[in-house]
Structure formats: C-alpha cells, structure tokens
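This briefing concerns the structure shown below.

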Amino acid sequence: MGPVNRPLDLEWLEDFLALAESGNFSRAAQARAIAQPAFSRHIRALEEWAGVELIDRARHPAAPTPAGEVFVVTARDVVLRLLQARTRAHEAHEQASRSLQFAATHVLSLAFFPRWLQQVEQQVQLGPIHMVSDSYQACEELMLQRRVQFLLCYGHAAVKTRLLPPEFEFACVGEDRLVPVSAPDADGQPQHQIDGDAHEPLPVLAYSEASGLGQIMRDRMPGAFDAQRFKPVMTSHHAVLLKTMVLEGRGVAWLPHSLVSAEMADKRLTSAAGPEWSVPLEVRLFRATDALAPTAEAVWTQAAAGRAGPKNP
C-alpha cells in the first residue's frame, strides 16, 4: 500500500475518528449518517492516502494500528483546528457584512456625519465603521474605485461629478448653507462687513477651484468674486483652515453654518452680511447602484426614505 496522489477529504478524517472511538464500522457509519459501504470506502481511501493501514480489522472491536494511534492524535487536532477556522471565518464574514465604509469631505466628516450616524443607528444595527475624510476629488476617486460604499458630500448642480447614473445614485440626507462670517471687533460688529462702506476691497478667504464648495460659490454667488469689492487673500479647499483664519481676523469667508454655528452662538464669529448673501446647500449621500452588503443596503433605505438626516437652520 502506498500513498496516492489525490486530495485529502475532511470527511475521511471525521469518519476515521468516529471509527477509532466506536470500534465498530456499522455504529460509526450510523453516527456519521452515511451508508456503511461508503463509510468503509472512506476509511480505505484515507489509508491509501496515508500509505499505511490505520485500522486493525482483525481485532474485535476494530482498533487503530500503531500507525493509526499516532495518526489519531494529529487527525483530531487537524479537524478541531479546521472547524475552529471555519467558525472564525463565518464570524469574520458576518462582521464584514455589517461593516460600513464611508468617504466624506472634511467639513461633513466633522460637522454633519456624527449627528447623522446617530440618527441612522436608531433605525439600523451597525457594525464596524471605516471613515475616510478628504477633499471632494479624493473622495470621489474612492467611490469610482469602489473602495468605499458611500460618499457624503455637499451637492449642487454646479458641482462637476463623475458619479453619474446609471452607475451611481444619490439621496439628499440633509441641508446646510454657506454663510459669510467675520471675526467681531471690540463692539461685537464684524471686522469685515460686506454691506459696509469700506473704501478698500474686503479681504476674502476663498475656496480653491477644485473644491466642491468653491464650485458652488462661483455658480451661486458670482458677486463674491467682484475684484472691486473683494480681494482674495488666501485660497484653500479646506473649510476648517479657512475658519481658523477667519477667527484670527484675516477676512471674510463663506463657511457651512454647521461648521460655525458654535462660534456664532458664543460670538467668536459674526455674520458679515444679510441672509441674501447666504447660499443653500444639499447634503448628498452617493452610492454605486451595484448591490451592497445587507447592512449597507439598510442604511441606504433609511437615507433614501428621508428618515435619516439632520438639517441646519
């Protein structure tokens, strides 16, 4: 008897262990819920694979040979480890099916996502969450590569996007608005006031052309780029950086209300103009139209139904 070049079947090991424990082919086959002829073939196939006899059939009850005794120890360990590995694999699969991968623009990851997620969790049991916070272009690229399930961003018809139907779709999950803000002076009035009588152009902290908010501003508020009235002193795609510069009195910036509401409430920032200078925004959640994992689909169902989405006054 010699080894045969054939794959090893896990059932052979389980049948062998059952036989080694019971000492009887019929009882072992019954315990394994298999016909005895097929059971005997499995034991023989295992012995051919091992290259030695593993069961002494001349004894009553049948018992492992000396080689079989050695083989039992390893076989039991192998079967146990494989069953444990299968259990852990199922657990990992279940966890992965509940996990969520988001990409969000900087502002929304800080000012919107935590509150929105809290509302989602009231309707859907979520697993682990992975969040990437970056510029709109970087987040869009992640979606195109299918490296995230969702993209959270500000939306407007003026914003150029490659996330187009039929490959992608979006739901509006919230509202915000861009408001012109300035640091206050000693009297609580804006240091830089758009409706004031300034003889020099007001310093503006502006968004870069690549910024989604910058694209919206250029479409909805062209007056903010009047060179006779405004003078750009800094450009960035990062609204949080622009907010920091406004707090230091560097100029006026149009910032999402969700990002500056706390600073406006405690008077560290103040409105630089009337409501006519504000720009309404949609908060959009994008997804690919390919099927998602069940938890991700449940999140989308809530979002598309409008049952998850804080609004900013």
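The largest pocket has a volume of about 210 Å³. The model is a predicted one, in which local features need pLDDT of at least 70 and side-chain atom pairs count only at pLDDT 80 or more, while totals for chains, interfaces and linings use all residues. Residues are numbered from 1 along each chain as its sequence is written, and side-chain values use heavy atoms, with hydrogens and water left out.

**Pocket and cavity**

- On a 1 Å grid over the protein atoms alone, a pocket is an open set of points with protein on both sides within 12 Å along at least five of seven lines, whereas a cavity is a set of points where a 1.4 Å probe fits but cannot get out; lining residues have an atom within 4 Å of a point.
- Grid points are joined across faces, edges and corners, and a volume is the space filled by probe spheres set on the points.
- At least two residues of the lining of the largest pocket come from each of helix 5 (106–111), helix 7, strand 5 (150–155) and helix 8 (212–220). Helices (H or I, at least four residues) and strands (E, at least two) are DSSP runs, numbered from the N terminus.
- By class, the lining of the largest pocket has 7 nonpolar, 8 polar and 1 charged residues. Ala, Val, Leu, Ile, Met, Phe, Trp, Tyr, Cys and Pro count as nonpolar, Asp, Glu, Lys and Arg as charged, and the others, Gly among them, as polar.
- The whole structure contains 1 cavity of 30 Å³ or more, and the largest cavity holds about 70 Å³ of space.
- Strand 7 (202–207) and helix 8 are the elements that give two or more residues to the lining of the largest cavity; strand 7 gives the most, with 4 residues.
- Residues lining the largest cavity include Val-204, Tyr-207, Met-217, Arg-218, Phe-225 and Trp-254.
- The lining of the largest cavity divides into 8 nonpolar, 1 polar and 1 charged residues.

**Packing of helix 1 and helix 3**

- Two packed helices are described by the angle between their axes and the distance between the axes.
- The axes of helix 1 (residues 10–22) and helix 3 (residues 36–50) come within 9 Å and cross at roughly 105 degrees. Axes are lines fitted to C-alpha atoms, for helices over the stretch in contact, and angles run from 0 to 180 degrees between N-to-C directions.
- Helix 1 and helix 3 are therefore roughly perpendicular to each other, a class that covers angles of 65 to 115 degrees.
- From helix 1, Glu-11, Trp-12, Leu-13, Asp-15, Phe-16 and Leu-19 meet Phe-39, His-42, Ile-43, Ala-45, Leu-46 and Trp-49 of helix 3. The residues of this contact comprise 9 nonpolar, 1 polar and 2 charged. Contact means heavy atoms within 4.5 Å.

**Backbone geometry**

- Most residues other than glycine have a negative phi, and most peptide bonds are trans.
- The peptide bond from His-60 to Pro-61 is cis, with omega near 0 degrees; Pro-61 is in the loop between strand 1 (55–56) and strand 2 (63–64).
- A cis peptide bond also runs from Pro-165 to Pro-166, with omega near 5 degrees, and Pro-166 is in the loop between strand 5 and strand 6 (168–182).
- Ala-33, in the loop between helix 2 (25–31) and helix 3, has a positive phi near 60 degrees. Ala-33 is exposed, at 71% relative accessibility. Buried means under 20% relative accessible area, exposed over 50%, and partly exposed in between (1.4 Å probe, protein chains only).
- Lys-267 has a positive phi of about 70 degrees and lies in the loop between helix 10 (257–265) and strand 10 (270–271). At 64% relative accessibility, Lys-267 is exposed.

**Individual residues**

- Glu-140, in helix 7 (residues 136–144), is buried with a relative accessible area of 5%. Leaving aside neighbours within four places in sequence, Glu-140 is in contact with Leu-151, Lys-160, Thr-161, Arg-162 and Leu-163.
- Val-179 belongs to strand 6 and is buried at 6% relative accessibility. Not counting residues up to four places away in sequence, Val-179 touches residues including Trp-254, His-257 and Met-264.
- Val-78 lies in helix 4 (residues 66–98) and is partly exposed at 31% relative accessibility.

How values were computed: Parallel < 35°, antiparallel > 145°, perpendicular 65-115°, else oblique.
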